[in-house]
Amino acid sequence: MGEELRLPIAADVDVVEARQQGRALAAVAGFSSGEQTVIAAAISEIARNILMYAKKGEIILGLVQNGDRQGVSVVAIDQGPGIPDIDRAMQYGYSTSHGVGAGLPGAKRLMDEFEVDSVVGRGTTITMKKWRRSI
Amino acid sequence: MEVPILRQGQYLIASIQSALTDADLSHLREALIAQVGRSRCRGVIVDVTALDVMDSFAVRTLRDIAHMARLRGAETVIVGIQPDVAFAMVQLGLTLKGVATVLDLEEGLAFLDSRTKATLDTKPKRGRG
Ligand SMILES: Nc1ncnc2c1ncn2[C@@H]1O[C@H](COP(=O)(O)OP(=O)(O)O)[C@@H](O)[C@H]1O
Ligand SMILES: [Mg+2]
C-alpha cells in the first residue's frame, strides 16, 4: 500500500475538502471522471455522517492494489456514539436525524466494497473501496 | 462561498460557482426564500453546473427550495446537472421528485416563461368556470 492521506473532519468545509481530495486521488489512480464523482459522492455522505453523528473524526484516503487492479480506499473513523443496529442503519430511508436515510446504503451502492464496524459508545469505522474496472 | 442571486425580470437566478458546504446550501435556501417573498417574483432558477457532487443534503436543500418557493407563488427549475453528477445521484437513490430540471439556463428561462404564461392563461378560465 502506498501513501495515506489523513483528513480531519470537524466542520462542513472538511466534508467538501475530503470529497475533493478523494476525487483528486481517484484521478491519480486512473478512474474516469464519472467514477471520480461516484467516489466523491460516497465520501461526502460518509464524512457528513461523522460530522452529524460523531461531531468529529477522520477520513483516511489511500491507493490500493490487488494483483494488477488499482483502486482507492476510504476509511472513515470516529469515536462517536456508534450505530446500535447496523442492519437497520443500512436500510434506505432509515434515519435518526430526519435525514433522507440514503447515506449508508447509497455509499455502499456507489463503492465496490463497504464495511461497517461500530460499537455503541466507542465509535464507528467505515471502510470502503472502489476498484478500477480492468480494460 | 456565497451564491450570487440575480434578478432578471420576474425571475431570480442563483448561479452556484463552486462546491458548496452544507452551510452555504442552507444560506442559499434562506436567501432565495426571503427574496422570493420580497420581490414577488414568479420563478426561480438554480444553476448547479459548477456543483461537484449532489449528495443527500444538496438534493434535499434543492427540493426544499422548490417547495418553499411554490408556497410563495414561484416555480423553481434546476439547470445544469452534469451527467456524472446525475449518475452518482441516482446511484445514491436520490431523486428531485416534483422539481423541474432542464439542461441549461436558456431552457430554464423558456420553461419558466411557459409555466408563468400557462398560469396567466388558465386564470380567467378558472374564474369563469
Ligand atoms: N458515524 C456514525 N455514527 C453514529 N451513527 C451513525 C453514523 N453514520 C450513520 N449513523 C446512523 O445511521 C443512520 C443512517 O445513516 P444515513 O444512511 O447516512 O442516513 P441519514 O444520515 O440521512 O440519517 C443515521 O441516521 C444514524 O443513526
Ligand atoms: Mg447520512
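Predicted model: local features only at pLDDT ≥ 70, side-chain atom pairs only at ≥ 80, totals over all residues.
Chain A exposes about 6,800 Å², with 49% supplied by carbon and sulfur atoms.

### How each chain is built

Let's start with chain A. Its secondary structure consists of 4 helices and 5 strands. The C-alpha trace of chain A spans about 40 × 25 × 25 Å along its principal axes.

Chain B has 4 helices and 5 strands. Reading along its sequence, you will find the pattern β-β-α-β-α-β-α-β-α. For chain B, the radius of gyration is 15 Å, close to the 14 Å that the globule rule gives for 129 residues, so chain B is as compact as a globular protein of that length. Its C-alpha trace spans about 45 × 30 × 25 Å along the principal axes.

Here are some values for the two chains, set side by side.

| Chain | Buried residues | Contacts joining residues at least 24 apart, among those at least 6 apart in sequence |
|---|---|---|
| Chain A | 48% of 135 residues | 61% |
| Chain B | 47% of 129 residues | 73% |

In chain A, the mean positions of the 15 positive and 16 negative charges are 4 Å apart. In chain B, the mean positions of the 16 positive and 15 negative charges are 15 Å apart.

### Arg19 of chain A

Now let's zoom in on one residue. Is Arg19(A) buried or exposed? Arg19(A) has a relative accessible area of 3%, so it counts as buried, the cut-off being under 20%. You can find Arg19(A) in helix α1 of chain A, which covers residues 12–28.

Which side chains make polar contacts with the side chain of Arg19(A)? One is that of Ser44(A), at 3.0 Å. Another is that of Asp52(B), in the other chain, where the polar contact is 2.8 Å.

Leaving aside neighbours within four places in sequence, Arg19(A) is in contact with residues of both chains. In chain A these are Ala40(A), Ile43(A) and Ser44(A). In chain B they are Ala19(B), Leu20(B), Asp52(B), Val53(B) and Asp55(B).

Finally, let's turn to the backbone. Most residues other than glycine have a negative phi.

Lys55(A) has a phi near 70°, a positive value in a residue other than glycine. Lys55(A) sits in the loop of chain A between α2 (33–54) and β2 (57–66). With a relative accessible area of 58%, Lys55(A) is exposed.

Arg40(B) has a phi near 50°, again a positive value in a residue other than glycine. Where does Arg40(B) lie in chain B? Arg40(B) belongs to the loop between α1 (22–39) and β3 (43–47). Its relative accessibility is 71%, so Arg40(B) counts as exposed, the cut-off being over 50%.

Note on methods:
Residues numbered from 1 in each chain as written. Chains lettered and ligands numbered in written order. Heavy atoms only, no water. Helix = DSSP H or I, 4+ residues; strand = E, 2+ residues; numbered from the N terminus. Buried < 20%, exposed > 50% of the residue type's maximum accessible area, 1.4 Å probe, protein only. Polar contact = N/O pair within 3.5 Å; in protein donor to acceptor, adjacent residues only side chain to side chain. Contact = heavy atoms within 4.5 Å. Areas by Shrake-Rupley, 256 points an atom, 1.4 Å probe, with all protein chains shown as cover. Lys, Arg positive; Asp, Glu negative; His and termini not counted. Charge placed at Lys NZ, Arg CZ, Asp CG, Glu CD. Rg over C-alpha atoms; globule rule 2.2 N^0.38 Å.
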